[in-house]
Amino acid sequence: MSKKILLINPWIHDFAAYDFWIKPLGLLYLGGLLRQNGHEINFIDCLDPYHPAMPKDGHKRPQRHSSGRGKFFRQIIPKPDSLKMISKNYCRYGIPPEIFREELKNRQDMDIVLITSMMTYWYPGVFEAIKIIKEVLPLVPVVLGGKYATLCYDHAVKYSGADFVIAGSGEKPVLQLLKDLFGEEPSFLPDNESLDSLPYPAFDLIRNIDQLPITTSRGCPYQCSYCASHIFNDKFRRRNPIKVVDEIEYWQNKTGVKNFSFYDDALLVNPREMIIPLLYEVQKRNLSCQFHCPNGLHLRDIDKQLCKLLYDSGFKTIRFGFETADFQRQKQTGGKVINEELSNGVRHLKNAGYKTEDIGIYLLCGLPGQSAKEVNDSIEFVRECGAKPLLAEYSPIPGTKMWAEAVTASPFDIQKEPLYHNNSLLPCRNNDFSYAVYEELKKKLKNN
Ligand code: B12
Ligand code: SF4
């Protein structure tokens, strides 16, 4: 017997949030799988920038960019007690709660609700959504999964208000839960060893599709000490590149979408295995796409041929994870890249046609024990190479190798309160790295 399943992408509560090609990919993957198993899938996207029921007065339509990024709706809300000392506005990003409530009222006949979660410090938006779901649909079981639920499992069990909390990949546990709760035997089980056996994400449920996320893999072969990739996926698994192009072509034909964002942790690793055959296939089929990589790419395997291929195939937004120019820290944190690889990579990218402002280089700042000078030197080094430095403020993540050091370095109780993982607090910054110094660095980046 098919069940009626409601998927929810909750709000973001934060000091700032920008839709940098953000979509709830994991949740929509689950939607695709459950639909394949014969269930009816419904979706409420609290972050929907195009919601038709938005009141016209007082809520300006958010500005959107044709490539699929842009602003969210936002409302200023009271700060949680633990963030009272920060003098910035705190906001709910997404549709107003009244609209969410209305949407829920129209879905009284749901059998189960699945709600996702992103950043650990965005949990208040998840809790607010669960509270309203429980008011409007008191008898419907609520299942919470996603990144916050995985990284802060005990916190989520204790405080979220969800009936079930699931950590890690959701595919198998969700099917198991439907069996336990409703006696539903899965009619389709994906092959654990093959990502290509997963049905496509239920992207058709998104209103006004302006861009779609694609992933060619799960996990990463590296294990950097600040990164949680290995917690979500213990192995690096890849799809067949031709099957990825089948998916791109399918969505392009079905929706007309041109812009795709890659969500991989390690898209460019061993390019002959994935990105090179993938892009040759895109060219062979004459697909006209624009690709965006908001997530940091690897620099190590960048060469002349790959750069030309990226440029010719429509890679518009490229960002690389460099993190620091300090050799000792590069080594200590996992050795994914060294300075020479950045300078060579940028040279090849420029020769292929990219301009300085096209080549964004992420630099971590506010790592435990990291001096302001190190960040400043890294900015200078990126500039000397001819690329654009972008500061990525460090967010401490439970379960990572750097966690113990982060706990010691932070004046905040990051173990107890995930709100303190918020990267805009620079929660683990070094003593010499004051907010004033940080503001200076940001100003310096803006002025050039
Ligand atoms: C793509 C990505 C982004 C995209 C946005 C995508 C998005 N929708 O979240 C962009 C580039 C914008 C981004 C930005 C940032 N990100 Co990011 N991002 C990722 C990344 C690489 C992949 C996420 C993803 O979609 N994976 C693919 C899908 C298929 O997996 P999934 O979502 O996990 O879903 C599975 C399970 O979680 C589960 N599941 C999901 N929902 C549900 C629901 C239910 C009910 C159930 C049962 C299961 C379930 O099942 C799914 C299928 O198996 C992750 C790392 C990772 N490997 O997960 C980091 C990650 C989430 N990001 C991280 C960070 C730090 C950031 C930044 C702060 C970086 C910075 N310093 O600037 C910014 C902050 C963004 C902001 N303030 O606006 C951290 C999280 C930190 C934290 N404290 O929570 C991560 C974990 C990376 C890391 N450093 O280790 N990010
Ligand atoms: S290379 Fe990137 S994705 Fe892989 S572990 Fe390091 S930071 Fe995480």
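Trainee: Why is Val282 called buried?

Mentor: In this predicted model, Val282 has its place in helix 9, and its relative accessible area is 2%. The word buried applies under 20% relative accessible area, and because the value for Val282 is 2%, the residue counts as buried.

Trainee: What separation is there between the C-alpha atoms of Val282 and Leu212?

Mentor: The two residues stand 70 residues apart along the chain, and their C-alpha atoms are separated by 16 Å.

Trainee: What makes Phe15 and Tyr90 an aromatic pair that is edge-to-face?

Mentor: There are two tests, one on distance and one on angle. Ring centres must lie within 6.5 Å, and those of Phe15 and Tyr90 are 5.3 Å apart, centre to centre. A search of the whole structure finds 21 aromatic pairs.

Trainee: How do you know whether Phe15 is buried or exposed, and whether Tyr90 is buried or exposed?

Mentor: The limit for buried is under 20% relative accessible area. Phe15 has 8% relative accessibility and Tyr90 has 2%, so Phe15 counts as buried and Tyr90 counts as buried.

Trainee: Why is the pair of Tyr18 and Phe20 called tilted?

Mentor: Planes under 30 degrees apart would count as stacked and planes over 60 as edge-to-face, and the rest are tilted. The planes of Tyr18 and Phe20 stand at 50°, with the ring centres 6.3 Å apart, so the pair is tilted. With 35% relative accessibility, Tyr18 counts as partly exposed, and Phe20, with a relative accessible area of 25%, is partly exposed.

Trainee: Which residues do ring pairs link into a cluster?

Mentor: The cluster consists of Tyr200, Phe203, Tyr250 and Trp251, linked by ring pairs.

Trainee: What makes the phi of Asn208 worth a remark?

Mentor: Asn208 has a positive phi, about 45°, although it is not a glycine. This residue is found in the loop between helix 6 and strand 9 (212–214). Asn270, again a residue other than glycine, has a positive phi near 45°, and its place is in the loop between strand 12 (259–262) and helix 9 (275–284).

Trainee: Why is Asn208 called partly exposed?

Mentor: Partly exposed covers the values between the limit for buried, under 20%, and the limit for exposed, over 50%. Asn208 has 47% relative accessibility, so it counts as partly exposed, and Asn270, at 41%, counts as partly exposed as well.

Trainee: What does the side chain of His39 reach?

Mentor: The side chain of His39 reaches the backbone nitrogen of Lys3 at 3.0 Å, a distance that falls within the 3.5 Å set for a polar contact. His39 lies in the loop between helix 1 and strand 3 (40–45), and because its relative accessibility is 7%, His39 counts as buried.

Trainee: How do you know that Lys147 makes a polar contact with ligand 1?

Mentor: A polar contact needs a pair of N or O atoms within 3.5 Å, and a polar side-chain atom of Lys147 lies 2.6 Å from an oxygen atom of ligand 1. A polar backbone atom of Thr120 is 2.8 Å from an oxygen atom of ligand 1. For Gly146, a backbone N or O atom lies 3.5 Å from a nitrogen atom of the ligand. Around ligand 1 there are 38 residues, and those that come nearest are Thr116, Thr120, Lys147, Glu171 and Ala228.

Trainee: Which element gives the most to the shell around ligand 1?

Mentor: Helix 1 does, with three residues. By class, the shell divides into 21 nonpolar, 11 polar and six charged residues.

Trainee: Which residues of the second largest pocket are closest to its centre?

Mentor: That pocket has a volume of about 310 Å³, and of its 17 lining residues, Ser169, Glu171, Asn192, Arg218 and Arg237 are the closest to the centre. Eight charged, five nonpolar and four polar residues make up the lining, to which helix 6 (residues 171–182) gives the most, with three residues.

Note on methods
Residues are numbered from 1 along each chain as its sequence is written. Chains are lettered from A and ligands numbered from 1 in the order in which they are written. This is a predicted model: local features need pLDDT of at least 70, side-chain atom pairs count only at pLDDT 80 or more; totals for chains, interfaces and linings use all residues. Side-chain values use heavy atoms; hydrogens and water are left out. On a 1 Å grid over the protein atoms alone, a cavity is a set of points where a 1.4 Å probe fits but cannot get out, and a pocket is an open set with protein on both sides within 12 Å along at least five of seven lines; lining residues have an atom within 4 Å of a point. Grid points are joined across faces, edges and corners, and a volume is the space filled by probe spheres set on the points. Helices (H or I, at least four residues) and strands (E, at least two) are DSSP runs, numbered from the N terminus. Ala, Val, Leu, Ile, Met, Phe, Trp, Tyr, Cys and Pro count as nonpolar, Asp, Glu, Lys and Arg as charged, and the others, Gly among them, as polar. A residue is near a molecule or strand if one of its heavy atoms lies within 4 Å of it. A polar contact is a pair of N or O atoms within 3.5 Å; within protein, one must be able to donate a hydrogen and the other to accept it, and residues adjacent in sequence count only if both atoms are side-chain atoms. Rings of Phe, Tyr and Trp (its six-membered ring) pair if their centres lie within 6.5 Å; planes under 30 degrees apart count as stacked, over 60 as edge-to-face and the rest as tilted. Buried means under 20% relative accessible area, exposed over 50%, partly exposed in between (1.4 Å probe, protein chains only).
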